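User: I've got a new structure to look at. Walk me through its main features, please.

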Amino acid sequence: LDEIKNYTESCMLTQRTGVDLIGERIGFFPTREWYVESYGKYVGIIGPKVNISIGQGELLTSPLQICAYYNALGNNGLWVKPHLLHKEIKERGSETFETDFKKLPLSEENLNIIQTGLYKSVNERYGTGTAASFKNIKVYGKTGSAENHMGETTHAWFSGYAEWESPEISFTVFLENAGHGGSIAAPIAAQIIKFYNEARNMKNDN
């Protein structure tokens with residue numbers, strides 16, 4: 001469990017991204033000690049460990065953390081700190097804000113496996129993310145239907161990135177109490193990609 005926790009954190013998940021917004025949450029990854037304190041010293045770890053390894057259970061992460069991770073997958077493993085503010089103009093001079101970079105602990109082989117899986121999820125016949133596919137745009141993505149302890153309907157996720165000559169945008173769609181990621185979140189991601197593609201074409205035409 002500790003190995004999974006350390007690897008998750010090294011991928012900048014359950015960690016603050018450092019985005020220039022007030023009040024960013026850190027997320028949560030349970031430890032063996034947390035399970036013992038919460039459920040008693042005889043708690044079984046194997047079951048929760050399997051659940052955690054697929055992103056379920058007590059694991060908490062933010063949509064922004066997930067989006068930054070998928071952005072890194074599209075960027076061949078280079079994680080980029082998200083930011084909104086480019087420059088601060090003061091009475092005397094200005095300050096340009098630089099972003100931070102981090103290389104994810106992924107081998108080239110494993111990165112290729114992940115990227116291939118994300119592509120097939122959207123573009124192959126029985127993929128769960130086919131609602132986000134486009135004829136002339138390479139879309140990579142993963143659906144998610146997250147456990148919801150506050151209701152009977154799962155939270156709907158869809159995260160990924162889109163590629164023209166090279167990857168240009170990443171996205172995360174998260175809807176509370178909405179249902180399945182493939183049928184609910186992926187079509188919204190398709191609208192995001194469509195909007196960006198139309199704006200991109202207009203810019204190129206000009």
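User: Let's start with α4. What do its buried residues pack against?
Analyst: The buried residues of α4 pack against β1 (78–80), α5, β5, β6 and β7 (167–175). Buried means under 20% relative accessible area; over 50% is exposed, and in between is partly exposed (1.4 Å probe, protein chains only). Contact means heavy atoms within 4.5 Å. Helices (H or I, at least four residues) and strands (E, at least two) are DSSP runs, numbered from the N terminus.

User: And the ground rules?
Analyst: This is a predicted model: local features need pLDDT of at least 70, side-chain atom pairs count only at pLDDT 80 or more, and totals for chains, interfaces and linings use all residues. Residues are numbered from 1 along each chain as its sequence is written, and side-chain values use heavy atoms, leaving out hydrogens and water.

User: Back to α4. How many of its residues are buried?
Analyst: 9 of 12, so α4 is largely enclosed by the rest of the structure. Among them are Gln65, Cys67, Ala68 and Gly74.

User: What length does α4 reach?
Analyst: From first C-alpha to last, α4 reaches 17 Å, close to the 16 Å expected. The expected span is 1.5 Å times one less than the number of residues.

User: What comes just after α4?
Analyst: Asn76, with a positive phi of about 55°. Asn76 sits in the loop between α4 and β1, and is a residue other than glycine.

User: Where is Thr14, and is it buried or exposed?
Analyst: Thr14 is in the loop between α1 and α2 (32–39). Thr14 is buried, at 4% relative accessible area. Its phi is positive too, near 60°.

User: Now the largest nonpolar core. Which residues touch the most other members?
Analyst: Tyr69, Tyr70, Leu73, Trp79, Leu104 and Leu118, out of 18 residues. α4, α5, β5 and β6 each give two or more residues to this core. The most come from α4, with 6. A nonpolar core is a set of buried Ala, Val, Leu, Ile, Met, Phe, Trp, Tyr and Cys residues joined through side-chain atoms within 4.5 Å.

User: What is Trp79 in contact with?
Analyst: Leaving aside neighbours within four places in sequence, its contacts include Met12, Thr17, Ala68, Tyr69, Asp100 and Leu104. A second, separate core has 15 residues, including Val122 and Ile137.

User: Last one. How many helices and strands are there?
Analyst: The protein chain has 6 helices and 7 strands. Buried residues make up 35% of its 206 residues.
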